[in-house]
Amino acid sequence: MDLFEMDETRTMTREEAAAKLRALADSLAKHNSVEFARDGGRVTVAVPDEVKLKVEVELGGDNEIEIELTW
């Protein structure tokens, strides 16, 4: 399988970011997968029943909350 990477940074309101996270969580819960758009196409990522969830918080010059799912 070819390596697929997607790294996208966009500026949006806090409410828009919450809506994006909610849509991602809903897709994960309902469909056991998440879908991403790239170069006019769509990539669906199947997610198994068990995953590792990592939450990282960095406070300082630039504040950051990083959420990572791995399996």
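This is a predicted model: local features need pLDDT of at least 70, side-chain atom pairs count only at pLDDT 80 or more; totals for chains, interfaces and linings use all residues.

Trainee: Okay, surface first. Which residues form the nonpolar patch?

Mentor: The patch is made up of L21, L24, V51, L53, V55, V57, L59, I65, I67, L69 and W71, and together they have about 1,100 Å² of accessible area.

Trainee: And which helices or strands supply at least two residues of that patch each?

Mentor: Those are helix α1, which covers 14-31, together with strands β3 (52-58) and β4 (64-70).

Trainee: What about V51, where does that one lie?

Mentor: V51 lies in the loop between β2, at 41-46, and β3, and because its relative accessible area is 36%, V51 is classed as partly exposed.

Trainee: What does K52 touch, leaving aside its neighbours within four places in sequence?

Mentor: With those neighbours set aside, K52 is in contact with E68, L69 and T70. If you take E68 from that list, K52 and E68 are 16 residues apart along the sequence, while their C-alpha atoms are 8.0 Å apart in space.

Trainee: Changing topic: how big is the largest pocket?

Mentor: The largest pocket has a volume of about 1,700 Å³. It is lined by 29 residues, and the ones closest to its centre are E8, L21, L24, F36 and I67.

Trainee: Which element gives the most to that lining?

Mentor: That is α1, which contributes eight residues to the lining of the largest pocket, and α1, β1 (33-38), β2 and β4 each supply at least two.

Trainee: Staying with α1, I clicked on S27. Is S27 buried or exposed?

Mentor: S27, which lies in helix α1, is buried, because its relative accessible area is 19% and the cut-off for buried is under 20%. Apart from neighbours within four places in sequence, S27 is in contact with N32, S33 and V34.

Trainee: Then what about N32, what is its phi?

Mentor: N32 has a positive phi of about 55 degrees, although it is not a glycine. You will find N32 in the loop between α1 and β1, and N32 counts as partly exposed because its relative accessibility is 45%.

Technical notes
Residues are numbered from 1 along each chain as its sequence is written. Side-chain values use heavy atoms; hydrogens and water are left out. Patches are made of residues with over 30% relative accessible area and no salt bridge: like charges are joined within 9 Å, nonpolar side chains (Val, Leu, Ile, Met, Phe, Trp, Tyr) within 5 Å. Accessible areas come from the Shrake-Rupley method with a 1.4 Å probe; for residues, only the protein chains shown count as cover. A salt bridge is a side-chain nitrogen of Lys or Arg within 4 Å of a carboxyl oxygen of Asp or Glu. Helices (H or I, at least four residues) and strands (E, at least two) are DSSP runs, numbered from the N terminus. Buried means under 20% relative accessible area, exposed over 50%, partly exposed in between (1.4 Å probe, protein chains only). Contact means heavy atoms within 4.5 Å. On a 1 Å grid over the protein atoms alone, a cavity is a set of points where a 1.4 Å probe fits but cannot get out, and a pocket is an open set with protein on both sides within 12 Å along at least five of seven lines; lining residues have an atom within 4 Å of a point. Grid points are joined across faces, edges and corners, and a volume is the space filled by probe spheres set on the points.
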